[in-house]
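I opened this entry to keep a record of what I looked up, beginning with the terms and then moving through the parts one by one.

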Amino acid sequence: MNINVISVFPEILESSFKGLTGKAIEKNIAKLKLIDLKEFSNNDYGSIDDAPYGGGEGMVLGIEPLEKSLNTIEKPGHVICLTPQGTVFNQTKAVDLSKLKDLTFVCGRYEGIDQRFIDNYVDEEISIGDYVLSGGEIAASVVIDAILRNIDDVIGNKHSVYRDSHSEGKLKGHVYTRPSDHQGKKVPEILLSGDHKKVNEWKLANSLWVTKEKRPDLFKQLQLSEKEMILLRQYGDFVKKKHD
Ligand code: ADE
């Protein structure tokens, strides 16, 4: 995958590409090109933004520097602008984008981006949540990380991606590690049983339970099979008994 990022502060992104994303770059699974928008000013002052027409606060990133910087990319592919006005990002979108070969991210700053650039070049606007960041750089890092996790070989254990929260519309359940007994708080017995079928059923029931408790909005959208409903009911009975 070729990932290009146009930003006024590319150094913000540089520092975030170390862990998982760094490994993907090392393994040549992803090629990352950071483009510094400041190098594409079209005036003697070196500025890349200007006051908004019609008045208002802040500065707007101009179409000319953005256009010039985009034109340096051989194959921009799918162009995404990170803004608080975009469609809210989720796991389905991460999986869809992970199938593309060329991606270009444009990070907004200041009061926004000249609408004509968005109209002419941007395929979609993405927001990472209903809050406002100082710029799109952190949002781009979040989106790129979430995309790369879904590409084969980026994560050592491919199956762990499929058990991630949100991978099938539900949250990942509880996990435990040694010791099996910490000051009387014990790991659920089934997990120590070695019975794979039972362990998998417990994991499924636990994940459904966690989703129902923590994200009823997601739970409502799940279409449970009869077996899943039975497992969840049994799990609910077990939890109730524990608290009675
Ligand atoms: N830029 C500023 N706020 C943002 C957000 N919530 N998502 C994406 N880009 C942004």
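I take a polar contact to be a pair of N or O atoms within 3.5 Å, where, within protein, one must be able to donate a hydrogen and the other to accept it, and where residues adjacent in sequence count only if both atoms are side-chain atoms. The model is predicted, so I note that local features need pLDDT of at least 70 and side-chain atom pairs pLDDT 80 or more, while totals for chains, interfaces and linings use all residues. Residues are numbered from 1 along each chain as its sequence is written, and side-chain values use heavy atoms, with hydrogens and water left out.

**Asn150.** I found Asn150 in the loop between helix 6 and helix 7 (158–162); helices here are DSSP runs of H or I with at least four residues, strands are runs of E with at least two, and both are numbered from the N terminus. Asn150 is buried, with a relative accessible area of 17%, where buried means under 20% with a 1.4 Å probe and protein chains only. Its side chain is joined to that of Gln91 by a polar contact of 3.5 Å. Leaving aside residues up to four places away in sequence, Asn150 touches Gln91, Ala94, Val95, Ser98 and Val161, contact meaning heavy atoms within 4.5 Å.

**Helix 4.** I then looked at helix 4 (residues 91–98), in which Ala94, Leu97 and Ser98 are buried. Seen down the helix axis, these buried residues fall within an arc of 105° (taken from the directions from the axis to the C-beta atoms), so they line one face of helix 4. Their cover includes strand 5 (78–88), strand 6 (102–107), strand 8 (124–127) and helix 6 (137–148).

Note on methods:
Buried < 20%, exposed > 50% of the residue type's maximum accessible area, 1.4 Å probe, protein only.
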